[in-house]
Structures are given as C-alpha cells and as structure tokens.
Amino acid sequence: MPEERIKLYQLGTFAVGNRLLDPDERTVQSRSERSNTLTSGHRACQGCGEALGARYVLDAAMRATEGRLIAANATGCLEVFSTPYPESSWQLPWLHSLFGNAPAVASGIAAALKAQGRSDIRVVAQGGDGGTLDIGFACLSGMFERNDDVLYVCYDNEAYMNTGVQRSSATPPAARTANTKPVGDEPGNVFGQGKNAPLIAMAHGIPYVATATVANLHDLEHKVERAMELHGARYIHVLVPCPLGWGSASKETIRLARLAHETGLFPVIEAEHGEVVAVTKIRRPVPVEEYLRPQKRFAHLFGDPPRTDVVARVQAVADRNIRRFGLLEVD
Amino acid sequence: MRRQLEGSQAVAQAVARCRPQVVSAYPISPQTHIVEGLSDLVRTGELHPCEYLMVESEFGALSAAIGASAAGARTYTATASQGLLYMAEALYNASGLGLPIVMTVANRAIGAPINIWNDHSDVMSQRDCGWIQLFAESNQEAVDLHLQAFALAEELSLPVMVNMDGFVLTHAVEPVDVPSQVEADAFLPAFEPRQVLDPDDPVTIGAMVGPEAFTEVKVLMHAKQMQALDMVPRIAGEFEERFGRGSGGLVRTYPYPLDPAETVVVALGSVLGTIDEVVDELRAEGVDVASLGIRCFRPYPLEEIRGALCHAKRVVVVERAFAVGIGGIVGQNVRLALAGLPVPVYDVVAGLGGRAVTRRSLRTLLADVVAERIEPHRLTFLDLNHELLDRELRRMGERRKSGPHAENILRDLGVVAAGSH
C-alpha cells in the first residue's frame, strides 16, 4: 500500500480560552488572575480591533511585570474611548499628553524611574498608526536611537479613524478614506511606498521589533512577554482591523486580521537587533481578493467594470512580501 | 561666594543645586551653554542621581519633561526662540496637566527673518500658555530665580518659565553668587508631587474632558496662577531672609520706594539696568522720572502695577517685542492695569533682534516724551532707520515683483554703509 505523508495542523490555536492546552500555555486572557488593564465599559465600537489588541498587550505586559507598569498614550481612538470624563477604563497608571509625543513622554517616565531607582517599574507607550508613523515619528525615532527602556506598541488600523477615516502613511494602496475617495482615474489611496514602520524600527538596531495581528492572540501575548524580558527600546506593531473605517462587519475583525496575514499583505515577523529571527509562515497563501472583498473601503475595485488591474497590483504587493520575508511554509 | 561666571554656567550650577532628577534638552542658541553645563555635571557625577536626555527636538524635550514630571521627578529643561514655538503644544499640555516643570528661556527673536539675538518675541508669543513667567534682570537674579522657580512650581503644581535675555545675560561674565548645596537644600525641600504615576496607586492623568467640566478645569488653572500672586512675593521674601539679597517678586521700582513720579518707564529683563542709569542721569538733571520692572509677567500683577503707576503723569513702556497688527504687548497689559485712570501710556518698541538699547536713545526718547513731541497711543520704534524703510517702501510702490524684504534691506544696508548712493 503506497504511503501518503500527511501533515496535521492544530486549528484551535487561535481560540483564546483553549482549555485543551496545558495551563502554562494558556493565554493570559484565559486566566482568572488577568489584570483587566483596559477594563470593560469603555466606548470602543463593536468589533474594535484596537480595544482587543490593547487589552491583550497590556494584560500580558502587566503579567510579565507583576503589575509594575506605567503607560503613556498618544491621542487617538484608544485614548478617547477609554477616558470619557469622568470615567477611565485604565487599571494601571496611565498618562495621555499629546498626539505626537507618546514616545518622548515614555522616555521621560523611564528616565524619572531610573533616576529614582525604581527599576522594578517598566514603561509601555501606545498609539495608533497616525500618532506613531506620522505625527509622532520624530519622537519615536528619537526614543529608538537613544535605546530608551520603553516598549512602544502601535495599533495599526491603517488610517485616522478617530477624526473620520483620513489617510495615514499606513493606509494601504487603493483603500478608500475620507480624503482618498474612489473618484478620478486612480480611485482610493495612491500606490506609493507608504511607511513600513517595523522595517524602519529594525533599521535603528533596537533590541526587539515584532509584528502581530489580533487574529493570533497567543502570538501577540508571546511577543509582549518576549519584549518585557528585554530592556532598551522595543517596538510591536499590531494590525487591528477597524469595522468603521474599513467598512467591514464587526464579526469580521478577527477573520480580516487573519486574512491580512494569510494573503501576505501583513507579514508577521520578529526581529532582534535589526535581524529577523522569526516569521510566522503562511500555510496556503490566500488571494488578496478574499481579503479585499468584505471591506467597503475596497468596494470600488469590485464594481462594474471590476478593477482587476488594481487588485493585481495589490496582489503584487502581497507576493513581494511573501518573497521578501520568506513567508511561505515549505513542506 | 561671588565668582566670575558666565550667566549660562551660573544658571547650570544653580539648577544643579536644585537637584533635578531629569534634564531633557535640545540645542538652540543662546540656551546651549546652560544645558551643556548640566550635561557636564551629570557626566562627572557631580549631579547625581539625574538622567540627562538629549532628545530629537524641543517638542520632544518638553514632552520628555512632561513624562518625567508626571512620574514624580523634579524636571528641568531650557530653550529659546523657535524652540519655544516648537514646544507650543506641549507648553499648554504641561500647564493644563499641572506639572511643575522649570524651564529657562534664553530670550531670543523669532524668524522670519531668522535672527539669533535677544528680544522678547519668544516669551511674549507664549504669554498665555498657562506657565508662570518670571524675568531676570541680571545673572545673579537669574540664578536666584531658578531656586525660587522650583519652590513656586512645586508648591502650586504649575510649570514655571525663567526668562533671561539671550547673550546679554546668558553669555555675559560677571560676579555671581551661586548658592551652595547646603544652602539650596535648606531653601528647597524635596519634591512631593501632587499627582504621580505609581503602580501602587494607579491614576489616569490626561483624560478627555467635555463641556460638562472643561470650564471648571480651566478655572482651576487660573485660580492656581492667581495664587502665585501671593506665593511669588512670599517665596522672594523667604529667599531674601535666607540669602540676604532681594531678587524676584512681582514688580520692583527704582528708585525704591517709588515716590510718585511724573514719568515712569516700564520694562522687563536686563534692559532695566540701562533704564535705571538713565533714570539716575535724568533725576540728577531735575527730570522727575522713575522705573518699574515687571519681574512676574504671568500671572499678571495688575494691582501692584496699578498701584505703582496710578499717580504718574505718563507711562512709557519699553518693550522688546510687539504684536504685529496692533502694537505693544506689555503696553496693552499696562493699559489694562490703568483702566479708568487718565494716564497716557506710550508704547515704545526697542531692542528687536538684538539691536542695542542705548542710554543715548533712551534719553532722547524720554526728552521727546516729556516735551510731548511723541503722541501717546501711537506705536513708537526706538532707533528706527527710516531711510532703509523708505527705500523698500518706494521699491514696493514702483514694481509688483519687488522681491523679499529682508534681502532687499540687507543689500540697501550695504549700499548705505558704503556711502555710495
């Protein structure tokens, strides 16, 4: 009888509360002692990827630091929905200063803690893609090059959602935003270079850079834990779908984040001191169309006539990522 | 002990005596020597424990100071000119959050045209940013004000700006008494923050506030600043008691005490030294003139200024900045203090972009004012080169594409200086 080699895949790993796992391997989130750092009652939209991401990141960081954590937050959705006066969802010491200065504020906190000899307390800074890649970029780069002891987390939802969905330098090509409307010869966002924040972070040679999505929360928690084992400047870039800005159903947040990875559009990687040390492989690449179709921000690509040419260009971006980062799993 | 010191070095040493735990800085002339001095003191270990952050911009410098202060560290930074403007957003944030940061502003002009020399355009552009604003007349006063500034800032939980004239003070070498560490420690207690980021007692700082409470939060800021009107003289008094020299306070008059004088000259900063010399000269000649120095511009000591000026026949405000499109800035504030009184206020703009304010020019000005050759309520520019202005105005009238002002005037200046026209 001819032998057929088959490979079995664990399909349940995305489930957060997987009780089949050994207790040590379960997520922070499925543990009764989780800190609920961003606690319930905040005003995020249904299906908000950022709220989900922030909760996982901070609970994991709180666990790693045994609750000795201070957060600096950039202006943006996360700040607005978590602190509507007179309420606050934050269960840790939390400071919001301005839109473009969270990395510098965090550097200042870290410097103060060092001078005060409170080395047990760690610092995390967080912001959206606009606050991180655009208006806060100089401060971010400064924090990186000084190697200040800060973990910066960017929750990337690919546009300025808080102000009404305007384009940022993280907005993907062809996406509709309030100022890249699907009108004219080249509907949607331009095909430019954009800004690849993880690669730029890596170019600073900082101890740790990672990307993650809210589709794989085990992976996200693992990366936060790894980051907190290290000192110096660390950067985690989390893809967080936004139902409002992307024009997707609330229930699609996790699936879209997974598709972003499986198409190759969002490479999930890990790097230390400027070198890639791990990539999350794609078992079976998904055509980008499957990712683009459920999102109204790409609806103009599937009208009459369909813009197969534009979809092909997006596919080329994904294919390039797959080649560049070696994302394909080789059996 | 009095020693010959550059103003910046003296301030650096005074700041170090205040034991800041975090200093964040970005280079801009003419404040660089101050933070360079502090960098040395941190590197040699003389100032310890202290973290010195060399950041990527003034915006970053003040932002790092905001984080450090919120984490309970005594925090210092310094800037000037364009740097202060680049900080603008963070200035309002620091005061809005009530963080007791102390910052030296080495006052310098603002471009365009770019100019590195002294005037008060920088601080005046940010006069309403919610920071307490103190002005030093001399390097000794600059040193003393920094100790007082930390005491004031931490007592009120508000940021304080110490203004000292760029180059005129920062780069001037003169005898200065920098308090010893023992003296400074005795004057300035350890920082006990009103609010601090602490995992043992987690608080949210910087929450969003809507119409339901925004006014009340802002009114509290104002109330705290108004408290400084009592606190500034009290701290200056404590300082004088301990160190035996008067510095700081809300206003000062010359001669002291001020007898009602016919003409009172009002100014801020180092130009008061020159003004007082002219006052001496004119009084010796029988001219009834005196001076009023504003040492604390925000909060604005309205009552003290009104009290000092209400008996004057006229008030001459000599200011090193002006608001384009309206005129004097300090002048407007002085008029507010004199509201309802029949005292004419002359707005005189002097010393812009480092132009020297000389005794001779001030004497001419005051002679013109006393003889009523200058109209009150009309903006006067001291030592204005009318010929240069007229040439450019003529050129603009003659042709549409007349070119950039600054370059045209510089070219003319060369021609005028060469005497070839």
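## Strand β6 of chain B

In strand β6 (residues 132–135) of chain B, I132(B) and L134(B) point one way, Q133(B) and F135(B) point the other way, and all are buried. Buried here means that 20 or more other C-beta atoms, placed from the backbone, lie within 10 Å of the residue's own. Strands are DSSP runs of E with at least two residues and helices are runs of H or I with at least four, numbered from the N terminus.

This is a predicted model, where local features need pLDDT of at least 70, side-chain atom pairs count only at pLDDT 80 or more, and totals for chains, interfaces and linings use all residues. Residues are numbered from 1 along each chain as its sequence is written, while chains are lettered from A and ligands numbered from 1 in the order in which they are written.

## Its two partners

β6(B) runs parallel to strand β7 (residues 160–165) of chain B, joined by 4 bridges; pairing requires at least two DSSP bridges. Opposite Q133(B) stands M161(B) of β7(B). Between β6(B) and β7(B) the chain passes through helix α7 (residues 139–156) of chain B, a right-handed β-α-β crossover (clockwise from the first strand over the helix to the second, with the strands pointing away from the viewer).

With strand β13 (residues 296–298) of chain B, β6(B) pairs in the antiparallel sense over 2 bridges. There, L134(B) has C296(B) as its bridge partner.

## The whole chain

Chain B has 15 helices and 16 strands, and 49% of its 421 residues count as buried. Its C-alpha trace spans about 70 × 55 × 55 Å along the principal axes.

Note on methods: Buried ≥ 20, exposed ≤ 12 C-beta atoms within 10 Å, placed from the backbone.
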